[in-house]
Amino acid sequence: NGKKGKVQPPTRHPGLIAVTRPLHVLSGVFRFPFPLFLSLRVVRSSHARGDDRVSRAFLICPEPVRELTAGVGSRFVMLAQVLAEAGHEVTLAVPNDPSEATVEGEAIEVVRARPAELGNQADDHDWVLLHAHLGNHYLSQRDDLPLVVDLYDPFLIENLHYHKDLGFEPFATDHETWRLQMARGDLFLCS
């Protein structure tokens with residue numbers, strides 16, 4: 001769809017961060033205190049908005065977000081809230097009906113993640129945060145926005161127990177997802 005950007009070979013930096021685009025493309029400075037990034041600060045995006053937003057973030061959550069949510073869903077809600085409190089405008093794309101989600105924050109919009117349209121859903125955003133398989137749909141559609149990959153949940157290892165009943169096909173799928181996201185990510189959240 002014409003939204004392919006120039007992807008450069010990875011540049012390794014000390015610690016757990018790998019950058020595959022020049023840092024100026026990331027529009028700012030990222031700081032990640034353990035265990036979550038509690039003070040992500042992105043200097044004003046290149047989009048001329050004339051308002052006080054720091055950036056527009058598009059978060060692709062692979063698990064449902066409801067009133068009672070655990071795991072990755074809870075993590076993405078927390079990330080959205082922390083980003084909103086820091087001045088970012090956040091769109092949280094979830095696989096379930098957005099009306100089921102209970103997310104506090106005026107600067108947070110919850111939308112249904114439409115796998116075939118995730119690339120278009122990210123229009124008018126400055127960067128994307130994703131995790132696991134749902135993110136692959138986005139990655140197949142565009143690569144022009146800076147990409148943060150959340151590696152907090154070790155699904156590659158966590159799903160190994162499926163081999164007893166399903167063989168190694170789930171592992172092969174998980175491994176391909178992990179490799180794709182490692183190759184395309186600009187910044188990685190690890191714990």
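This is a predicted model: local features need pLDDT of at least 70, side-chain atom pairs count only at pLDDT 80 or more; totals for chains, interfaces and linings use all residues.
Two strands count as paired if DSSP finds at least two bridges between them.

Select strands β3 to β8. These 6 strands form an open sheet with parallel pairing, and the order across the sheet is β5-β4-β3-β6-β7-β8. At the edges are β5 (108-112) and β8 (187-189), each of which pairs on one side only. Ignoring direction, neighbouring strands of the sheet are turned by 20° against each other on average.

**Strand β3.** Next, select residues 56-60, which make up β3. How many of the residues of β3 are buried? The count is 5 of 5, so the strand is mostly covered, where buried means under 20% relative accessible area. In a regular strand, side chains alternate between the two faces of the sheet. Show the side chains of β3: Arg-56, Phe-58 and Ile-60 lie on one side, Ala-57 and Leu-59 on the other, and both faces are covered.

**Helix α1.** Keep α1 selected and bring back the sheet. The helix lies across β3, β4, β5, β6, β7 (147-150) and β8. Relative to β3, α1 runs at about 175°.

**From β3 to β6.** On to residues 127-130, strand β6. Which sense does the pairing of β3 and β6 have? It is parallel, over 4 bridges. Select Ala-57 and look across to β6, where Trp-127 stands opposite.

**The cysteines.** Finish with Cys-61 and Cys-190. Is Cys-61 buried or exposed? Cys-61 counts as buried because its relative accessibility is 0%. Cys-190, at 27% relative accessibility, counts as partly exposed, because that class covers values between the 20% limit for buried and the 50% limit for exposed. A disulfide is a covalent bond between the sulfur atoms of two cysteines.

Conventions: Residues are numbered from 1 along each chain as its sequence is written. Side-chain values use heavy atoms; hydrogens and water are left out. Buried means under 20% relative accessible area, exposed over 50%, partly exposed in between (1.4 Å probe, protein chains only). Helices (H or I, at least four residues) and strands (E, at least two) are DSSP runs, numbered from the N terminus. Axes are lines fitted to C-alpha atoms, for helices over the stretch in contact, and angles run from 0 to 180 degrees between N-to-C directions. Contact means heavy atoms within 4.5 Å.
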